Amino acid sequence: AFELAELMLQAHPNDPKAHSIYADFLVQDKRYKEAEAEFRKVLSLDSTKYLIREQLLFVEAELEDNQAMYEISRRALELFPDQPLLYLFAGSSSFILKDYESAAKYFKTGVNFIVGNDRLLAQFYAYLGDTYFQLNENEKSDEAYQKVLKIEPDNALVLNNYAYYLSLRGVELEKAEQMAKHAVELEPDNSSYLDTYGWVLFRLGRYEDAKEWIRKAMEAGEESAVVLEHYGDVLWKLDDRKEA
């Protein structure tokens, strides 16, 4: 297939379709850097193709090039302002780059263009929940997470994040405990979720239970400074000062 695609490129070096087909093969083979160059070549030959920009954004996500993802999505929105995925890429890259104000604007705008796609809608609200938390807008963060869980009650990531953020604020701890427990039930080997559940129990004053679950988190994943700190806090409360 690659041989045929390369022959096609040699025969039609200025044909956007030829470069697009070759790029698709490169993506299938996980040769993302080469695919990026081919998709960019397509856009240099024909800048009107929305799907090429979308494919390029997925490639940049695989390459973890957040700056490129931000720039491509922002430019694409000037041409295709009604495409919700562009807002998702622009918002998520802004979030990773710690531009939370911009991220919130992209996510809020993007939800208005989603029709009949609850999964995508849940993704937007999940990001909004995380973004508003970073902006210390707790009420809006809670509201966004609640919208996700109304659509996807078994969204383990949102259950975990929502529970953890409530525990940090020291509010609605019983609700946080139920959500954290459900996240662990859904993904029992996830170290982060085990730690969250243990930490919520700690905040509830259930120190022996907290010790058990945070130890499970330590055993389930790679060594984490956050988990170790939580475990130290639990041991201190249990008067095991030396171990703490």
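Helix axes here are lines fitted to C-alpha atoms over the stretch in contact, and angles run from 0 to 180 degrees between N-to-C directions. The model is predicted.

**Exercise 1. Classify how α2 and α3 pack, and list the residues in contact.**

Step 1. Take the geometry. Helix α2 (residues 16-28) packs on helix α3 (residues 32-45) at an angle of about 160 degrees. Their axes lie 8 Å apart.

Step 2. Apply the cut-off. Angles over 145 degrees count as roughly antiparallel. Therefore α2 is roughly antiparallel to α3.

Step 3. α2 passes α3 in a left-handed crossing.

Step 4. Collect the contact. α2 supplies Pro 16, His 19, Ser 20, Tyr 22, Ala 23, Asp 24, Leu 26 and Val 27. α3 supplies Tyr 32, Glu 34, Ala 35, Glu 38, Phe 39, Lys 41, Val 42 and Leu 45.

Step 5. Sort by class. The contact of α2 with α3 has 10 nonpolar, 2 polar and 4 charged residues.

**Exercise 2. Describe the packing of α5 on α6.**

Step 1. Helix α5 (residues 66-79) and α6 pack at about 145 degrees, with axes 8 Å apart.

Step 2. The crossing of α5 past α6 is left-handed.

Step 3. From α5 come Asn 66, Met 69, Tyr 70, Ser 73, Ala 76 and Leu 77. From α6 come Leu 86, Tyr 87, Phe 89, Ala 90, Ser 92, Ser 93, Ser 94 and Ile 96.

**Exercise 3. Decide whether α6 and α8 are roughly parallel or roughly antiparallel.**

Step 1. The angle between α6 and α8 is about 25 degrees, and the axes are 11 Å apart.

Step 2. Angles under 35 degrees count as roughly parallel. So α6 is roughly parallel to α8.

Step 3. Their crossing is left-handed.

Step 4. In α6, Pro 84, Leu 85, Tyr 87, Leu 88, Ser 92 and Phe 95 make the contact. They meet Leu 120, Gln 123, Phe 124, Tyr 127, Asp 130, Thr 131 and Gln 134 of α8.

Step 5. By class, this contact has 8 nonpolar, 4 polar and 1 charged residues.

**Exercise 4. Characterise the largest pocket by volume, lining and contributing elements.**

Step 1. Its volume is about 370 Å³.

Step 2. The lining of the largest pocket has 19 residues. Nearest the centre are Leu 88, Gln 123, Ala 126, Tyr 127 and Leu 157.

Step 3. α6 (84-96), α8 (118-134) and α10 (156-169) each give two or more residues. α8 gives the most, with 6 residues.

Step 4. Sort the lining by class. It divides into 12 nonpolar, 4 polar and 3 charged.

Step 5. Link back to Exercise 3. Leu 88, Gln 123 and Tyr 127 are among the residues nearest the pocket centre, and they also take part in the contact of α6 with α8.

Notes:
Residues numbered from 1 in each chain as written. Predicted model: local features only at pLDDT ≥ 70, side-chain atom pairs only at ≥ 80, totals over all residues. Heavy atoms only, no water. 1 Å grid on protein atoms, 1.4 Å probe; cavity = no way out; pocket = protein on both sides within 12 Å on 5 of 7 lines; lining within 4 Å. Points joined across faces, edges and corners; volume = space filled by probe spheres on them. Helix = DSSP H or I, 4+ residues; strand = E, 2+ residues; numbered from the N terminus. Nonpolar A, V, L, I, M, F, W, Y, C, P; charged D, E, K, R; others polar. Parallel < 35°, antiparallel > 145°, perpendicular 65-115°, else oblique. Left-handed = near helix turned anticlockwise from the far one by under 90°. Contact = heavy atoms within 4.5 Å.
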